[in-house]
Amino acid sequence: MTTSWGLVVRSTGSWYDVLADDGRRISCKVKGSFRLRGIRSTNPVAVGDRVAVREENGAAFITELAERRNFIVRRASNLSKQSHILAANVDACLLVATLRRPETSTTFMDRCLATAEAYRVAASIAFNKTDLLSATERKEQAALAEMYRKIGYDVFEISALDTTTLGELREHLRDKRTLIAGNSGVGKSTLLNALIPTANVRTAEISEAHQTGMHTTTFSELYAMPEGGSLIDIPGIKGFGTFNMSREEIAHYFPEIFHTSRDCHFDNCTHTHEPGCAVQSALERGEIAPSRFASYLSMLQDEEESKYRESQ
C-alpha cells in the first residue's frame, strides 16, 4: 500500500484523474465520504484540488483533501439546497460570451461575474464569434465591452477560429490557472483547442432552430498551456443561482454599485426605494448601466434558498 499526493486534473463525477507528484496519472475514486466545512456540495472533490491518493490491491482511492486556497461554486440545479464546486485553487475565471449564435444574456454574465467576486476570483470576459457579427452587431458588442471595461473587467473581442485575434488573451492567461465558464454553444471548447492544440476537446455545432449549444463537455478537466498556466474546462452552464449570499451582500459583488453605495443616506440601503439613494441617482444619470442594475435586482429576488434561477 502506497500513498502519494497530486493534483486533480479530471472529474467525471464518480471517477477522478490525479496527476501525482511523481508524474503518474492515477485514476481514482473517493474513499468514504468527505464533509466540507461550511458548504453542502454535490461533489466533494473538484478539479484543481490537491489530494492524497492511496493505492492498494490494484485500486486507488482519494483519502485526504488539502486545504483549499479558494474555490468557485454555483447552486446545483438538481439539488438546489446544495452547491456544485466548479473548480478549486484557481487564479482567475474567464467568462466566454457571444452576442449572437447563441446570445448570452447580460443577466447570465452578471451572475457569473458576481459569483466570481463573491469567491474572490479575478474575472475577465471574452466575447467570442466576433467574425460572425454584422457591422451593427460589432458596434453593439463594442459598446457592451466598453461598459464592462469601465467597471474594471478585462474584456477581449475574439474569434476562436482566428488565432490572430487571440494574442492579448493568451498573454492574459499566461501563468494562471483559469476556469473557463459560459453557456453551451459559445465556443469554449473551440477556444480551448485554439489555445492548446493538443487538447483535442470535442466540439459541436449549435442548434440552428433554437440558437443554443449542445453540451459537448460532460466532465471537468484541466489542460496545461504551452506557455505556462492552465485552463479548466467545465460543462456549459445554464444559470447561476445565488448561493450563500445574503441580500445585504449582493451589492458588494457589483463593483460599481458597491462603490457608489458609499454615498447612500442609509448604510443598509437596498437601492430599491430608500430616499437619498446614491445608486438610484447614478442610475438616472447613466453612470450605472440599466442592465447591470436589472441583474442586481434579479439576484436580490433570490430570497428562498431552494430557489434556482436560470439566467438565459
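Modeller: A salt bridge here is a side-chain nitrogen of Lys or Arg within 4 Å of a carboxyl oxygen of Asp or Glu. This is a predicted model, where local features need pLDDT of at least 70 and side-chain atom pairs count only at pLDDT 80 or more, while totals for chains, interfaces and linings use all residues. Residues are numbered from 1 along each chain as its sequence is written, and side-chain values use heavy atoms, with hydrogens and water left out.

Colleague: Is Arg-69 buried or exposed?

Modeller: Arg-69 is exposed, at 52% relative accessible area, and Asp-91 is partly exposed at 34%. Buried means under 20% relative accessible area, exposed over 50%, and partly exposed in between (1.4 Å probe, protein chains only).

Colleague: New topic: what does Glu-221 pair with in a salt bridge?

Modeller: Arg-25, at 3.3 Å from N to O. Glu-221 is in strand β12 and Arg-25 in strand β3, so the pair ties together parts 196 residues apart in sequence. Strands (E, at least two residues) are DSSP runs, numbered from the N terminus.

Colleague: And which residues are linked in a network of salt bridges?

Modeller: Arg-10, Asp-17, Arg-25 and Glu-221. Of these, Glu-221 counts as buried at 11% relative accessibility, whereas Arg-25 counts as partly exposed at 45%.

Colleague: How many salt bridges does the structure hold?

Modeller: It holds 19.

Technical notes:
Helices (H or I, at least four residues) and strands (E, at least two) are DSSP runs, numbered from the N terminus.
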